[in-house]
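Please have the sequence and the 3D view open as you read.

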Amino acid sequence: MNLRLSSIPLTLDYLEHSLGDEGAARALLAHPDYQFEARRYGLPSVEHLVPYLARLDTVAPEDIPQLCPGREEALRGKHLLWLDCLAHLPLYRTRFARLEQALAPEKLSALEEKLRACFLQDISLEGAHIVSTLSFGPSFGYAFENALHLDLFGIGNYVSLEGLPFVLLHEMHHLCLAKLEEELLAAREDTPMTPLEQYLFTFTGEGLAVKFCNNAEGVISRRLDPTLKPNIALPAFPLLNCHFPEHFALFCDTVARLGAGTMPWEEVERQLDAYWWNPRLYPKESRFLEQTPVYSFGNDLFGTIYDAFGLEAVFDCFRHPLKTISYFNRSGCGYTIPAAL
């Protein structure tokens with residue numbers, strides 16, 4: 001994998017020597033890795049971020065610009081981290097040096113070896129990139145454009161350096177699974193997924209990544225390695241697991257309605273946005289969920305199938321999503337998915 005870390009020392013130098021210079025801020029945001037971030041968040045331009053970056057030490061909270069539709073408050077939420085970086089530049093330089101050590105070639109090779117155990121077929125990350133920035137976006141880690149991104153702000157805040165390998169493995173899993181998804185959809189070009197298949201398939205990406213890469217433990221899905229603590233770098237899982245009965249009831253109702261043909265896909269999309277991917281689903285318990293219900297429920301759904309039947313069954317479900325229901329119902333977990341098929 002190719003490392004792309006060069007924006008970080010440039011950003012730290014900018015904060016130390018060029019704060020207040022809009023030209024320097026604009027030049028920094030033109031860096032390819034910040035342009036990568038802009039594409040990921042759907043920004044046609046980063047020009048609206050230039051005045052903020054130039055005056056982040058004096059900007060009033062109400063003057064912090066919206067990032068993009070759907071993430072309007074994201075930059076406002078990151079503001080205290082930018083101020084912390086400005087106030088503790090030596091600490092962030094040290095953190096960057098430790099990140100470079102954590103991404104040493106031999107350590108990445110060891111992660112790739114672990115990744116191979118998560119798949120039935122040979123996988124390759126040739127041509128893939130690891131990008132790290134001091135991010136203006138809200139996500140700590142994500143996969144995009146055959147690259148995985150890590151926000152330096154998140155190290156020490158979202159995840160420790162000890163937990164970082166598990167996050168890296170999670171995002172590497174996404175890159176590999178995305179390639180398999182492309183192959184699957186190409187093979188099914190003449191027989192596209194039904195709405196029910198699409199809904200079941202929605203839970204594979206995060207569910208499999210946390211199961212195999214974060215030692216996730218759910219309500220009915222067991223952690224892979226009992227010698228390690230459960231739910232590494234998954235701080236929201238204890239809360240989400242408490243809501244499993246609610247998640248399972250909604251899932252079963254949706255599966256039954258889709259199987260009967262009585263639920264339009266537009267309603268499913270609204271459910272996915274408002275419920276499964278909603279980081280503020282439980283405001284009385286948590287201001288912000290680092291993981292959302294699609295992670296924990298995906299782990300319980302496919303992790304239970306893995307526990308009962310192994311890796312071949314999991315990828316049988318990946319290729320044929322409708323089989324998820326029968327495998328799950330035969331797993332002996334004590335739960336049953338009713339489906340009008």
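Not counting residues up to four places away in sequence, Cys317 touches Phe302, Ile305, Lys323, Thr324 and Tyr327. The model is a predicted one, so keep that in mind as you look around. Cys317 belongs to helix α15, which covers residues 311–319. Its relative accessibility is 1%, and because buried means under 20%, Cys317 counts as buried. Phe201 is worth a look too: Cys317 lies 116 residues from Phe201 in sequence, yet their C-alpha atoms are 8.5 Å apart in space.

Now turn to a pair of helices. Helix α1 (residues 7–17) packs against helix α5 (residues 74–87) at an angle of about 75 degrees, and their axes are 10 Å apart. Angles of 65 to 115 degrees count as roughly perpendicular, and α1 and α5 are therefore roughly perpendicular to each other. The table shows which residues meet.

| Helix | Residues in the contact |
|---|---|
| α1 (residues 7–17) | Thr11, Leu12 and Leu15 |
| α5 (residues 74–87) | Trp82, Cys85 and Leu86 |

By class, this contact of α1 with α5 has five nonpolar residues, one polar residue and no charged ones.

The largest cavity has a volume of about 60 Å³, and its lining is made up of Leu29, Leu49, Tyr52, Leu53, Leu75, Trp82 and Phe136. Helices α4 (50–54) and α5 are the elements that give two or more residues to this lining. By class, the lining has seven nonpolar residues, no polar and no charged ones.

Terms used. Residues numbered from 1 in each chain as written. Predicted model: local features only at pLDDT ≥ 70, side-chain atom pairs only at ≥ 80, totals over all residues. Heavy atoms only, no water. Axes fitted to C-alpha atoms, helices over the stretch in contact; angles between N-to-C directions. Helix = DSSP H or I, 4+ residues; strand = E, 2+ residues; numbered from the N terminus. Parallel < 35°, antiparallel > 145°, perpendicular 65-115°, else oblique. Contact = heavy atoms within 4.5 Å. Nonpolar A, V, L, I, M, F, W, Y, C, P; charged D, E, K, R; others polar. 1 Å grid on protein atoms, 1.4 Å probe; cavity = no way out; pocket = protein on both sides within 12 Å on 5 of 7 lines; lining within 4 Å. Points joined across faces, edges and corners; volume = space filled by probe spheres on them. Buried < 20%, exposed > 50% of the residue type's maximum accessible area, 1.4 Å probe, protein only.
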